[in-house]
Amino acid sequence: DMVNVLQSFQKLHPKCQIHLTDLPPSAQLNALQSGQVDGAFIGAAPRKLNKGFSAMVWKREPLLIALPKNHPFAATAKISLSALKNENWVMVARTAASAFRRQFDRLCMDAGIQPRVVQESERVPAVLTMIAAQQGISLLPESVSRLVHPGVVFRKVKGPVPMLEHAFVYRADKENKLISEFLNLLAKARSSKNKPN
């Protein structure tokens, strides 16, 4: 979805240089604050944004349980979070993605479990490696399941489907015609995803 938006923007503004940088959400917000970037795809939006920032939720996707391929639950199509109360968890670091980790905490509290987080990383590929190495399980966005990683399987959550809302954060205190047009493209992408088939 993001690639389609970026391609559409590039067609509208062929002379505009798009520079993409892979940073965890906390580093993206710092780069936005310092003026190094104009916008940031941060995943879950923080509860409170710095003054002058705005966020647009442009995409929603289910969260899935990621397991080592030989895990006892790997053969199960849907797993309740409460069934995972005795598991070790490996997660994206709270310092890197605090809003996502708050969502994870809330989901676990609602399921009546206290997750035992044994390892963390700022990078999702490292979390996938930890899972494949049987260090624990994780909760990750569905889009991560499209990354090829032998040794990891993804299963749906039984019960209400937890959703991750992806936010694009930008400076709203400075007029920027290009950001306004980019937001319009994101809004169109969101609308097309919500249309019934």
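This is a predicted model: local features need pLDDT of at least 70, side-chain atom pairs count only at pLDDT 80 or more; totals for chains, interfaces and linings use all residues.
View 1. Start with helix α1, which spans residues 2-12 and has Val5, Leu6 and Phe9 as its buried residues. Looking down the axis of α1, you will find these buried residues within an arc of 95°, so they line one face of the helix.

**View 2. Aromatic rings, with Phe168 and Phe182 in focus.** Seven aromatic pairs turn up in a search of the whole structure. One of them joins Phe168 and Phe182 in a tilted arrangement, with 5.2 Å from centre to centre and 50° between the planes. Phe168 belongs to strand β8 (residues 163-171) and Phe182 to helix α5 (residues 177-194), so this pair ties together parts that are 14 residues apart in sequence. Both Phe168 and Phe182 are buried.

**View 3. The largest nonpolar core.** This core has 36 residues, and those touching the most other members are Ile65, Trp89, Ile131, Leu139, Leu140 and Phe154. At least two core residues come from each of β2 (53-68), β4 (88-92), α3 (98-111), α4 (124-132), β6 (138-141) and β7 (152-157). Another core, of 13 residues, lies apart from it and includes Phe9, Trp58, Leu185 and Leu186.

**View 4. The surroundings of Leu140.** Leaving aside residues up to four places away in sequence, Leu140 touches Pro62, Leu63, Leu64, Ala66, Val92, Val127, Leu128, Ile131 and Phe154.

Note on methods:
Residues are numbered from 1 along each chain as its sequence is written. Side-chain values use heavy atoms; hydrogens and water are left out. Buried means under 20% relative accessible area, exposed over 50%, partly exposed in between (1.4 Å probe, protein chains only). Helices (H or I, at least four residues) and strands (E, at least two) are DSSP runs, numbered from the N terminus. The arc is that of the directions from the helix axis to the C-beta atoms. Rings of Phe, Tyr and Trp (its six-membered ring) pair if their centres lie within 6.5 Å; planes under 30 degrees apart count as stacked, over 60 as edge-to-face and the rest as tilted. A nonpolar core is a set of buried Ala, Val, Leu, Ile, Met, Phe, Trp, Tyr and Cys residues joined through side-chain atoms within 4.5 Å. Contact means heavy atoms within 4.5 Å.
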